[in-house]
Amino acid sequence: VGRVHGPEWRGRITHRTRHTRLGFLYQESTQSYEQLSLFTGDRIEVRILPGGGLAFFDPLTGDRLYVSGSGFFSLTDSVINRKRGTWSLSWTPARSEWRLALYRERRTELARNDVQDARGLTASLNWHFGARTDLLAYYDFQHSNFKTVARTSRYRIFSLGARRRMGRRSTLGLSYLRAEQDTSGGALDFVENRLMLSFRTVL
């Protein structure tokens, strides 16, 4: 069970001034999957988690699935074509960096002609609050429309944190993250709140 990367190409246009950068990126790729298929006919992708164990995902949407162990599996092949266009803008005045990106992506599972149309935006801020301290903020929103199954999904992430350089090789960070997903069926809805303390050093 795995994934094979097929043809991929991309084109980029960028315009720069002293403090801004405006760009457009178009990407298109094809990936082949060898997946497990449930006895119900639904296809899933299996990934090995970093701590061990298996997790199941929808290969078209990337949503995590919670699968009952009462069924049986068989191997199936799937090919997914991805097309994505992204407009991006960055602004770097004194002591800060602002980034905004708007994108649209279309994923097509060729064997079943399943189509996902996704639109979203990402925004981030890196503000150099002091000589050694940075304030970090990030927001991500995506709205997906699944035409074959007539389902919609909204996914949001917001994070806010601070990072302080303790020396030439060490950094201490503290951040809060909130992630939530709303789907038309409600089966894949979730809300996650996470508080993270990190320490990084280079030996």
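This is a predicted model: local features need pLDDT of at least 70, side-chain atom pairs count only at pLDDT 80 or more; totals for chains, interfaces and linings use all residues.
Residues are numbered from 1 along each chain as its sequence is written, and side-chain values use heavy atoms, with hydrogens and water left out.

**View 1. A patch of positive charge on the surface.** The patch gathers Lys83, Arg106, Arg119 and Lys147. Arg119 belongs to strand 8, residues 114-128; strands are DSSP runs of E with at least two residues. Arg119 counts as partly exposed because its relative accessibility is 48% (buried is under 20%, exposed over 50%, partly exposed in between, with a 1.4 Å probe and protein chains only).

**View 2. Glu180 and its polar contacts.** Glu180 is part of strand 11, residues 170-183, and counts as buried because its relative accessibility is 17%. Its side chain makes a polar contact of 2.7 Å with the side chain of Arg156 and another of 2.9 Å with the side chain of Arg178. A polar contact is a pair of N or O atoms within 3.5 Å, of which, within protein, one must be able to donate a hydrogen and the other to accept it.

**View 3. Arg95 in a loop.** Arg95 lies between strand 6 (73-91) and strand 7 (96-109). Its phi is positive, near 70 degrees. Most residues other than glycine have a negative phi. Arg95 is partly exposed, since its relative accessible area is 48%.

Key: Patches are made of residues with over 30% relative accessible area and no salt bridge: like charges are joined within 9 Å, nonpolar side chains (Val, Leu, Ile, Met, Phe, Trp, Tyr) within 5 Å. Accessible areas come from the Shrake-Rupley method with a 1.4 Å probe; for residues, only the protein chains shown count as cover. A salt bridge is a side-chain nitrogen of Lys or Arg within 4 Å of a carboxyl oxygen of Asp or Glu. Lys and Arg count as positive and Asp and Glu as negative; His and the chain ends are not counted. The place of a charge is taken as NZ of Lys, CZ of Arg, CG of Asp or CD of Glu. Helices (H or I, at least four residues) and strands (E, at least two) are DSSP runs, numbered from the N terminus.
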